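Here's a quick tour for anyone opening this structure for the first time. Have a look around, then read on.

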Amino acid sequence: MFGVHLLLPLLVSLPPLVAPAPPPGGPPAPCRRCCDHLEPAEGSAAHAPTAGLGHMPEVRTYINMTILKGEKGERGDRGTPGKAGHEGPPGSVGPTGPKGTKGQAGLPGDPCKTQHSAFSVGRRKSLHSVEYYQALVFDTVFVNLQNHFNMFQGKFHCKVPGVYFFNVNIHTWNFKETYLHIMKNEVQQAIVYAQPSDRSIMQSQSMMLELDLNDEVWVRLYKRERENAIYSDDVDIYITFNGYLIMPSVE
């Protein structure tokens, strides 16, 4: 009796094992399975549509690119450079660097490029003062490099700027004053002077001058308000004027 009570609830909970038959004359009922009420899992074969027997499933190709990756190729040619950009603003001035070491001495210069200028001239004729200043003109040439001394004017024309040495030697005239100036352009630089005397003597004056290009150096005899003269003759030369370049200017 106890087993009958346990079996009865089990039989009541089970679904009917026999499906009801369709009414006569109607369309045949489709065949159903006991598991048709369950939804098939996505991606399974049962999930594919079954519209007809001739339907083919869609096939999608998938390529694994990691398998097809080849070796690294060679580097290509460099492309053409692009246009230059706009110039940027100037940067700030940097700090002054340390003083460098003294360099080695350079090679000797070309001796052909060394500049020279020199003259030495003399006069064989006496000269007396007149109403105006006179440039002392010379008639004898001892040295005149590159003709920098103009014999017609009695003037040295500076063609090589620098420091020059000049010297004037004259012979005085008895009982007459001797009064000359060494001139740079129109400015007197040094005097050659001797007072009147009953005997004649030799007088000399030397000096150095720094000259610029085209400066002129010459000797001027004073005018007649101071009666003066210098002596010379055709036999001996008593009057000389000399000059030469000591050091050219550094450019």
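## The overall picture

You'll find 2 helices and 13 strands in the chain; these are DSSP runs numbered from the N terminus, with at least four residues (H or I) for a helix and at least two (E) for a strand. This is a predicted model, where local features need pLDDT of at least 70 and side-chain atom pairs count only at pLDDT 80 or more, while totals for chains, interfaces and linings use all residues. Residues are numbered from 1 along each chain as its sequence is written, and side-chain values use heavy atoms, leaving out hydrogens and water.

Of the 251 residues in the chain, 25% are buried (under 20% relative accessible area; exposed is over 50%, partly exposed in between, with a 1.4 Å probe and protein chains only).

## A tucked-away glutamate

E177 sits in the loop between β7 (162-171) and β8 (178-184). E177 counts as buried because its relative accessible area is 9%. Its side chain makes a polar contact with the side chain of Y193, at 2.5 Å (a pair of N or O atoms within 3.5 Å; within protein, one must be able to donate a hydrogen and the other to accept it, and residues adjacent in sequence count only if both atoms are side-chain atoms).

## Out on strand β10

M208 belongs to strand β10, which covers residues 202-211. Is M208 buried or exposed? M208 is exposed, because its relative accessibility is 54%.
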